[in-house]
Amino acid sequence: MTIHQRPISIDPVKLDRLAEVAVKVGLQLAPGQDLLLTAPAAALPLVRKIAEHAYKAGAGLVTPFFSDEEMTLARYRYGHDDTFDRAAGWLYEGMAKALGNNTARLAIVGDNPMLLSNEDPAKVSRASKANSIAYQPALQKIAGFDINWNIVAYPTLSWAKQVFPNDEDDVAVMKLADAIFAASRVDNADPIGAWTRHNAALRTRTDWLNGQRFHALHFKGPGTDLVVGLADGHEWEGGASTAKNGIICNANIPTEEVFTTPHAARVSGHVRSTKPLSYQGTLIEDIAVRFEEGKIVEAKASRGEAVLNKVLDTDEGSRRLGEVALVPHSSPISASGLLFYNTLFDENAACHIALGQCYSKCFVGGDKLTPEQIAAQGGNKSFIHIDWMIGSGEIDIDGVHADGRRVPVFRKGEWA
């Protein structure tokens with residue numbers, strides 16, 4: 001006799017809490033404010049819950065846009081070659097217009113991180129570049145923190161099977177759901193209170209760093225000896241942050257990082273990654289790069305090196321840094337021991353740097369600076385923003401003052 005076990009469903013109580021946290025903590029949606037939402041089609045249960053909590057909070061219109069993995073694959077398998085240099089510019093222009101009218105932005109992530117691993121990497125690269133260019137008008141509103149925005153995650157089956165490949169489908173989804181709920185602080189009866197306390201702890205770190213006004217950070221560890229100069233007038237951010245529209249929001253759920261803007265011309269030395277980078281279906285492992293005067297002049301990887309070099313050739317700013325972030329090795333996501341194949345989670349397991357576009361938010365008075373002023377102070381500009389992990393339990397970091405004085409910031413991967 002065959003016994004058919006009923007699939008284990010995602011905990012509806014915790015899913016509801018995640019939706020509530022996305023609206024009340026992630027976005028702090030204002031009464032009457034519209035919401036533009038993007039999600040994988042498989043994340044519909046979370047989208048419905050978010051719409052419910054958004055309307056309860058007094059939202060104007062909630063407008064969702066869905067993506068579908070099978071439709072994405074159909075494009076790569078049957079689409080005409082010349083279409084891979086195009087993107088739906090009209091859609092992104094509409095998004096930019098919506099954000100310009102103070103519409104809040106929410107992205108739900110959950111797609112299979114290795115979805116495009118068997119597709120033509122040249123087509124993947126071309127499509128990505130076309131999308132990046134078309135998305136610029138909307139991305140500028142987000143990178144400039146013009147509006148309140150947030151990213152949360154949903155445990156889709158295709159993603160769960162990447163993280164837990166040896167488990168049955170239902171078990172893999174349940175495990176990924178549990179990991180997302182724990183990292184997002186909704187596995188307790190008072191998640192909003194938990195976020196209030198967590199934001200306060202992150203604020204203590206940013207206040208200390210902003211008080212120090214370091215000229216540079218010096219990372220040292222196995223395979224790493226890197227000096228990251230910090231932009232003139234840089235400001236550390238972390239946790240809750242105030243957007244230009246005056247709304248305090250948590251852009252990333254989960255988040256364990258405090259971060260700021262490096263000086264695009266003042267990075268030198270060499271660094272190696274401590275975790276794989278999952279990028280558009282390719283796992284890039286053992287990244288090792290060398291910087292001179294802020295620019296990557298040499299880049300290697302044990303796997304995915306060709307893709308890495310394509311990324312670095314995206315534009316003038318793609319070989320320079322737009323972000324440096326500090327995360328203790330003991331962070332809950334690091335302690336989970338999981339590789340999520342998703343930057344939203346993996347970047348919160350280790351200190352990291354990001355190639356490409358900087359955040360204007362990470363400057364003193366950044367909301368009033370022009371793009372030219374940001375560039376003059378060392379802020380980088382690029383079509384890309386890609387985080388990769390360089391922290392571990394073996395990394396030491398010193399803060400270096402302009403006069404050469406050094407202050408311990410991290411020792412053995414933990415706050416000093």
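**Entry 1: A402**

I looked up A402 and found it exposed, because its relative accessibility is 70%. Exposed means over 50% relative accessible area, buried under 20% and partly exposed in between, with a 1.4 Å probe and protein chains only. The model is predicted: local features need pLDDT of at least 70, side-chain atom pairs count only at pLDDT 80 or more, and totals for chains, interfaces and linings use all residues. Residues are numbered from 1 along each chain as its sequence is written, and side-chain values use heavy atoms, with hydrogens and water left out.

I placed A402 in the loop between β18 (396–400) and β19 (406–411). Helices (H or I, at least four residues) and strands (E, at least two) are DSSP runs, numbered from the N terminus. I also checked A402 against L344, 58 residues apart along the chain: their C-alpha atoms are separated by 33 Å.

**Entry 2: backbone**

I checked phi next. D286 is not a glycine, yet its phi is positive, about 55°. D286 sits in the loop between β12 and β13 (288–292). D286 is exposed, with a relative accessible area of 52%.

E293 also has a positive phi, near 50°, and is a residue other than glycine. I found E293 in the loop between β13 and β14. E293 is exposed at a relative accessible area of 67%.

Then I looked at a peptide bond. From I253 to P254 it is cis, with omega near 10°. P254 lies in the loop between β8 (248–249) and β9 (258–260).

**Entry 3: helix α9**

Which residues of α9 are buried? In this helix (residues 305–312), I noted V307, L308, V311 and L312 as buried. They lie on the same side of α9, because they cover an arc of only 140° around the axis. The arc is that of the directions from the helix axis to the C-beta atoms. An α-helix has 3.6 residues a turn, so residues three or four places apart point the same way.

I then asked what the buried residues of α9 pack against. The partners are β11 (277–279), β12 (282–284), β14 (295–300), β16 (352–356) and β17 (385–389). Contact means heavy atoms within 4.5 Å.

**Entry 4: the cavity**

I counted 1 cavity of 30 Å³ or more. On a 1 Å grid over the protein atoms alone, a cavity is a set of points where a 1.4 Å probe fits but cannot get out; a pocket is an open set with protein on both sides within 12 Å along at least five of seven lines; lining residues have an atom within 4 Å of a point. L277, Y279, I284, L308, V311, L355 and I386 line the largest cavity. β11 and α9 are the elements that give two or more residues to this lining.

**Entry 5: cores**

I looked up the largest nonpolar core and found 47 residues. Such a core is a set of buried Ala, Val, Leu, Ile, Met, Phe, Trp, Tyr and Cys residues joined through side-chain atoms within 4.5 Å. L35, L46, I50, I108 and F345 have the most contacts inside the largest core. Elements that each supply at least two residues of this core include α1 (12–27), β1 (35–40) and α2 (44–56). A second, separate core has 41 residues, among them A299, L308, L321 and I353.

Not counting residues up to four places away in sequence, I50 touches A19, A22, V23, L35, L37, L106 and I108.

Technical notes. Points joined across faces, edges and corners; volume = space filled by probe spheres on them.
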